[in-house]
Amino acid sequence: MHLERLIGLLEIIAVTGRPVSAAEVQKATGLPKPTCYRLIQTLSDQKLIDQPTDDGRYVIGERLIRIALLGKSDVDVRRCAAPLLKAAATNYNETVFLARFRDSKVEIIHVETPDDPARAFIHPGLGERPMHACSCSKAIAAFAEPEFQDSILTKSLKQYTEHTKITADQLRAEFAEIVERGFADCDQEIDLGIASVAAPVSIGNIGATFSVGAVGPIRRFGKDYRQDIGRKLKDLSEKVSGAIQLCNVAEV
């Protein structure tokens, strides 16, 4: 009965779609006030609900979002993000992709290509990407804990092309630059003639769990163009983050 009541309160807070007060929750459940307030305090203590401000209103907590996200398959994430990625591919007229950080690896899990039949585009493929030489990986690694960055930089790093950065000093400097501007780029570091840009997708306070990026031939993806795409990807990343979190809350 206790667990059932806790779940009931979570469902009410989740489906409301806005911060709700303890009084609103109590009214919706019909529970006695002391019981309802005690259950709300239990959920708050376990960080399953949070108070984003000091007005006494609650939303679904970061811990519950993390639990839901860990259980979310790539299919679920793609379903949430694909419409936004498709719109971006059409607007940018470039290939746009979504990458996911999992088990200390970054994998591209979804790709959308432009509709323009006259446009030459690059398809990056799906699967794991090197942590030191791909924009989608570096966008995540730059915002990771120092210990995780150290685990990348202390390994023997493969030099795919003459442009690949393989020393710890080079990569630490690049990570700092990525954090400052909010996006990463890859200038022919894996394949000559191909460049990409990616921005981290942060899920609440969980951190950069995903990244969104764009890829194309270097003849289009020069430095200035990458800067412009990078700024657009920062806006896209916020929308993708919101879409994924909304899916999490809806399925809680």
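What follows is a walk through the overall fold, a helix pair, the salt bridges and the nonpolar cores.

Trainee: Where do we start?
Mentor: With what we are looking at: this is a predicted model, where local features need pLDDT of at least 70, side-chain atom pairs count only at pLDDT 80 or more, and totals for chains, interfaces and linings use all residues. Residues are numbered from 1 along each chain as its sequence is written, and side-chain values use heavy atoms, with hydrogens and water left out.

Trainee: How many helices and strands does the chain have?
Mentor: Helices (H or I, at least four residues) and strands (E, at least two) are DSSP runs, numbered from the N terminus. Here the chain has nine helices and nine strands. Its C-alpha atoms fill a box of roughly 70 × 45 × 30 Å, taken along the principal axes.

Trainee: What share of the residues in the chain is buried?
Mentor: Buried means under 20% relative accessible area, exposed means over 50%, and partly exposed is in between, using a 1.4 Å probe and protein chains only. Of the 252 residues in the chain, 47% are buried.

Trainee: And how do I read contacts?
Mentor: A contact means heavy atoms within 4.5 Å. Among the contacts in the chain with a separation of 6 or more, 59% are between residues 24 or more positions apart. Ser 21 is buried at 15% relative accessible area, and it touches Gly 56 and Arg 57, not counting residues up to four places away in sequence.

Trainee: How is a pair of packed helices described?
Mentor: Two packed helices are described by the angle between their axes and the distance between the axes. The axes are lines fitted to C-alpha atoms, for helices over the stretch in contact, and angles run from 0 to 180 degrees between N-to-C directions. In this model, helix α1 (residues 2-16) packs with helix α3 (residues 33-45) at an angle of about 80 degrees, with the axes 10 Å apart. That makes α1 roughly perpendicular to α3. As for the cut-offs, angles under 35 degrees count as roughly parallel, over 145 as roughly antiparallel, 65 to 115 as roughly perpendicular and the rest as oblique.

Trainee: Which residues in α1 and α3 meet?
Mentor: From α1 come His 2, Arg 5, Leu 6, Leu 9 and Leu 10, and they meet Thr 35, Cys 36, Leu 39, Ile 40, Thr 42 and Leu 43 in α3. By class, this contact has seven nonpolar, three polar and one charged residues. Here Ala, Val, Leu, Ile, Met, Phe, Trp, Tyr, Cys and Pro count as nonpolar, Asp, Glu, Lys and Arg as charged, and the others, Gly among them, as polar.

Trainee: How many salt bridges are there?
Mentor: Side chains of opposite charge can pair when their charged atoms come close. A salt bridge is a side-chain nitrogen of Lys or Arg within 4 Å of a carboxyl oxygen of Asp or Glu, and by this rule the count comes to 18. One of them joins Glu 24 and Arg 18, with the closest N and O atoms 3.0 Å apart. Glu 24 is partly exposed at 29% relative accessibility, and Arg 18 is partly exposed at 41%.

Trainee: Which salt bridge does Lys 165 form?
Mentor: Lys 165 meets Glu 189 in a salt bridge (3.5 Å, N to O). Lys 165 lies in the loop between α7 (146-153) and α8 (168-181), and Glu 189 in the loop between β7 (184-187) and β8 (194-202), so the pair ties together parts that are 24 residues apart in sequence. Lys 165 is partly exposed at 24% relative accessible area, while Glu 189 is buried at 2%.

Trainee: Which residues are linked in a network of salt bridges?
Mentor: The network links Glu 177, Arg 181, Asp 185, Asp 187 and Arg 226. In it, the side chains of Arg 226 and Asp 187 meet at 3.7 Å, N to O. This pair links distant parts of the chain, with Arg 226 in helix α9 (residues 223-251) and Asp 187 in strand β7, 39 residues apart.

Trainee: Which residues touch the most other members of the largest nonpolar core?
Mentor: A nonpolar core is a set of buried Ala, Val, Leu, Ile, Met, Phe, Trp, Tyr and Cys residues joined through side-chain atoms within 4.5 Å. The largest one has 24 residues, of which Leu 98, Val 212, Leu 233, Leu 236 and Val 240 touch the most other members. The elements giving two or more residues to this core are α5 (74-92), β4 (95-102), β8, β9 (208-217) and α9. The largest share, six residues, comes from α5.
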